[in-house]
Amino acid sequence: LACAPGTTGSRSRGAGERARLRDLGIVIGDLPTGPYNAITDVAGVRVGHTTLIRGYGPLVIGQGPVRTGVTAILPRSDPPWRRPVFAADLTINGNGEFTGLGPVRRTGVLGGPILLTDTGSVGRVHDGGVQWALARDADAFDGEVRPDPVVGETWADFLNDTVGRHVGSVEVARALTSAAAGPVAEGCVGGGTGMRAFQFKAGIGTASRLVPAGPDDADGAWRVGVLVQANFGSRHHMIVNGVPVGREIVDLLPERGTATAVPPGNSLLIVIATDAPLLPIQLQRLCRRATLAMGRTGAVSTHGSGDLAIAFSTGNETGPAAAESLQVMHTSRMSWLHTGVVEATEEAILNSLTAASTMEGRDGNTIHALPLDRLTDLMHRFGRQ
């Protein structure tokens, strides 16, 4: 089953059709995008999804309804434990989980895939990532770098059978095996299937920027790409390119099949990739700039929110060859990268909303899609389109 179609579309599209933010004429920031405007614009980065949408009606734990999945990010075309990358992470607000970060925090090196899923499936997804590595390379754990996957989660319980833990090794292997360069599916796919942001349907979103090396570089020497799994924010906080959309569109709130209160979504996972030659301490600076993008969409990172970021660089080798070939960007040149991360993260969050469709899940609970026609009308009225 696919996502249920959205109830409204943009003025240039038929009812129910979804779009990326730029398809609607809404442009975030000043830097140019890469050819796909996706994290895969960083050469070698690949993304795959497994999406599970099964059943309707009352929740039966272990059976469904199921609205979940897993999204896989691979930093290079080679096995990550054979060609690891420098990496760093940041806990913006810690009511959430990025499992498997121990080796990254101790060594500054990422040797496994990054996997995004729902809260209940973290353990099974981590195990699935290890099984996938061993199936490809029986000696994966014998090298200098551990192949531990990093697994992030957000809470999909409003639509999904969380306790049923429906994502396992088969789904993880499917996402990793299908991971590819090029365009990235967004919205209610993969780990973002059951998620919402600003009380609209959301999920996976991505964007990229071409970053100049200096003031005289017109082409963009480096690339930075961002992928998010968005599940956060109250409606009245929502801002799109400076326009208070959440205060203008106050209807279409999530609906329970039973008459009980609906809490807002909590948590945002941010994955940042770049081909700029950065060390782990510099990558953590990129993670910090992603918080500015979160704020530009209106988020305040509430007490119950699990807002987490991880960044990696493909700009260097990290093995023995690094002793002779290591390059490092001078910190004085990093401001353009900061700009690129902020712009791409903001746009990725908004793409997760404009791409996602209305979805009904467990117990008749429903999360509505952001109405694209009303969004574009608002942007035009505020002079932002």
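Alanine 175 sits in helix H3 of this predicted model. Its relative accessibility is 0%, so alanine 175 counts as buried. Leaving out residues up to four places away in sequence, alanine 175 touches Gly48, His49, Thr50, Val70 and Ala72. Histidine 49 lies 126 residues from alanine 175 along the chain, yet their C-alpha atoms are separated by 4.6 Å.

Helix H3 also packs against another helix. Two packed helices are described by the angle between their axes and the distance between the axes. Here H2 (residues 122-136) and H3 (residues 169-178) meet at an angle of about 60°, and their axes are 8 Å apart. The two helices are therefore oblique to each other. The crossing of H2 past H3 is right-handed. H2 brings Val125, Gly128, Gly129, Gln131 and Trp132 to the contact. From H3 come Ser169, Val172, Ala173, Leu176 and Thr177. By class, the contact has five nonpolar residues, five polar and no charged.

Next, a buried loop residue. Threonine 314 belongs to the loop between S13 and helix H6 (322-325). With a relative accessible area of 14%, threonine 314 is buried, because the cut-off is under 20%. Its contacts, apart from neighbours within four places in sequence, are Val42, Ala43, Pro75, Arg76, Val85, Thr274 and Asp275.

| Residue | Location | Relative accessible area |
|---|---|---|
| Alanine 175 | helix H3 | 0% |
| Threonine 314 | loop between S13 and H6 | 14% |

What of the nonpolar interior? In soluble globular proteins, nonpolar side chains tend to be buried together. The largest nonpolar core of this model holds 53 residues. Phe232, Val245, Ile272, Leu353, Leu370 and Leu375 touch the most other members. Strands that give two or more residues to this core are S3 (85-94), S10 (204-211), S11 (222-230), S12 (268-274) and S13 (306-313). Helices H5 (280-296), H7 (335-354) and H8 (372-381) do likewise. H7 gives the most, with seven residues.

Leucine 375 shows these contacts in detail. Not counting residues up to four places away in sequence, leucine 375 touches Leu24, Ile26, Val240, Val245, Ile249, Thr354 and Leu370. A second core stands separate, with 25 residues. Ala87, Leu110, Leu116 and Val189 are among them.

Notes: Residues numbered from 1 in each chain as written. Predicted model: local features only at pLDDT ≥ 70, side-chain atom pairs only at ≥ 80, totals over all residues. Heavy atoms only, no water. Axes fitted to C-alpha atoms, helices over the stretch in contact; angles between N-to-C directions. Helix = DSSP H or I, 4+ residues; strand = E, 2+ residues; numbered from the N terminus. Parallel < 35°, antiparallel > 145°, perpendicular 65-115°, else oblique. Left-handed = near helix turned anticlockwise from the far one by under 90°. Contact = heavy atoms within 4.5 Å. Nonpolar A, V, L, I, M, F, W, Y, C, P; charged D, E, K, R; others polar. Core = buried A, V, L, I, M, F, W, Y, C linked by side-chain atoms within 4.5 Å. Buried < 20%, exposed > 50% of the residue type's maximum accessible area, 1.4 Å probe, protein only.
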